[in-house]
Amino acid sequence: MKQTPELDRIQARMRPGVLTMKGFLGTDPRPLADILAEDDAAVRAAGVTHAQIADRLEAITRAGTDLMEAETIVENRFRVVVRDDRGLLPSPFGDGRFSKGDTEVTDPVTGRTFRWNGLTLHLIRHHGFYNGKGSDYRLDPAVLIEVFGIAPAPDQT
Amino acid sequence: MIEVLTGIAVLSGVSAGLTVLLLIAEAWFADYGECVIDVNAGERQYKVKGGSSLLRTLSEQKLFLPSGCGGRGSCGTCKCRVLEGGGPILPTETPYLNETERRSQVRLSCQVKVKENIRIEVPAELLNVREFVATTVRITQLTHDIRGLRFELPPGETIKFKAGQFVNLVSQPYGDVTESTSRAYSISSPPSDNRALELVIRLVPNGMVTTWVFQHLKEGQPVTLIGPYGEFFLRESSREIIFIAGGSGLAPIRSIILDMIDRGITHRPATFFFGAVKRRDLYYVEEFERIAAQHPWFRYKPALSGDETDHPYERGLITDVVARHYGTLDHHEAYLCGSPGMINACVKVLTQKGLPEHLIFYDKFS
């Protein structure tokens, strides 16, 4: 994937302090095109799609929504809290605003914790962007696929 | 070596020359001269220097359209109708405009450049919005992640607002945040306290403005507030009132209840359900308990959904508490403030109890 001027502009909006305090790139020094390409390759290698991953995470968020931030156990495994923060976060791709309330997930089996919000899911679903390495919101697609058991859809195998 | 240095010098000179030429050309060709902005069919007219965005130009004239991103074209809130002179809709606007809005000539004012005379239409109430440079006189830690702030207006200035409305708080640059940013917060003080404003702000992880409030804002510091905005306020009726809030959603409800006391509205029974997870998430408890003790028309029902048992409050999700509390809702109206999730769940419960949706008022802040 080529780092186009448009990707340059998007990457500029991902810097800390532009749209969010810490930005979207963490400590990742790579061009956005490389970040997108590497994560896309990981998802393709697993035979799944970005939309499948976003759908899976969104289902977990839904299970914890409307509980006014009370912790709940989802699928007899994941400890989930959905924060009720009001307001919206703008997409660095300039295609809308999305809820900022975080879903915080702890997996006691692997000891891993995950965090995402409405914007994170939009960026995964529509742009294949999982945040840069070192970002508080970085979600390694390979880890997501493994921990949340995301399998190829029957018509993709 | 000399040739290389000479080459660099020549190249630098040419670049500098071109830059100067470009600056001159921009000043010459991009000089749009004086333009007239007509607001609401002549209700206001501003003679302005063209060249800036409509949003910025209007704010320089003290007409403040709501904006959540400071004019970066990323929040989609600074909409107004541009009836003449705005040029074509830009690609940067299209994600934020639906078909109806496009047909109605709605534009993002931050993306419209003032290049000629412009006719616009804005909601009439925006003409009353003002900018205040107030002083932070009190910061109170209300819970582990919620602060109450009191700002005093400059001597002689007052603000007129309806209980339930909100203002935009403008943060200052800090750390990596190099520009001022604004966010909307409900006013928690009553309109009678018109020489000051109180806000209730919850810390949002990595939030640009709330981090500034919690880590940088100090008592004595000046802040910019713009407002009032909003359509969330008590409707005139004789119906019994159900207030439901969670987290910082308490703020506008507090303003409305204090305003009811100030205005002597005693003929409408009102119950305030406040939902939280743990005891540590409750605040203003003593104040509401005192109001309930002094005013027979008011009842206060805090509820905790966590697993704590050593408390005197209602237990369970606020939706369950409300459902337990009422039978059929046939002479009520409801005012809700909280997250979209909380509001959706409450609307579902209230409508199941027979309350028509048009009698449920809320501000989702979404």
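Student: Which residue stands opposite Arg119(B) in strand 5 of chain B?
Tutor: This is a predicted model, where local features need pLDDT of at least 70, side-chain atom pairs count only at pLDDT 80 or more, and totals for chains, interfaces and linings use all residues. Residues are numbered from 1 along each chain as written, and chains are lettered from A and ligands numbered from 1 in the order written. Strands are DSSP runs (E, at least two residues), numbered from the N terminus. The residue opposite Arg119(B) is Asp38(B).

Student: In which sense do strand 1 and strand 5 of chain B pair?
Tutor: Two strands pair if DSSP finds at least two bridges between them. Strand 1 (residues 34–39) and strand 5 of chain B share 3 bridges. Their sense is parallel.

Student: Which residue stands opposite Glu121(B)?
Tutor: Strand 3 (residues 79–84) of chain B joins strand 5 of chain B by 3 bridges, running antiparallel. Opposite Glu121(B) stands Arg81(B).

Student: Why is Arg195(B) partly exposed?
Tutor: Arg195(B) sits in the loop between strand 9 (181–186) and strand 10 (196–202) of chain B. Arg195(B) is partly exposed because the other C-beta atoms within 10 Å number 13.

How values were computed:
Helix = DSSP H or I, 4+ residues; strand = E, 2+ residues; numbered from the N terminus. Buried ≥ 20, exposed ≤ 12 C-beta atoms within 10 Å, placed from the backbone.
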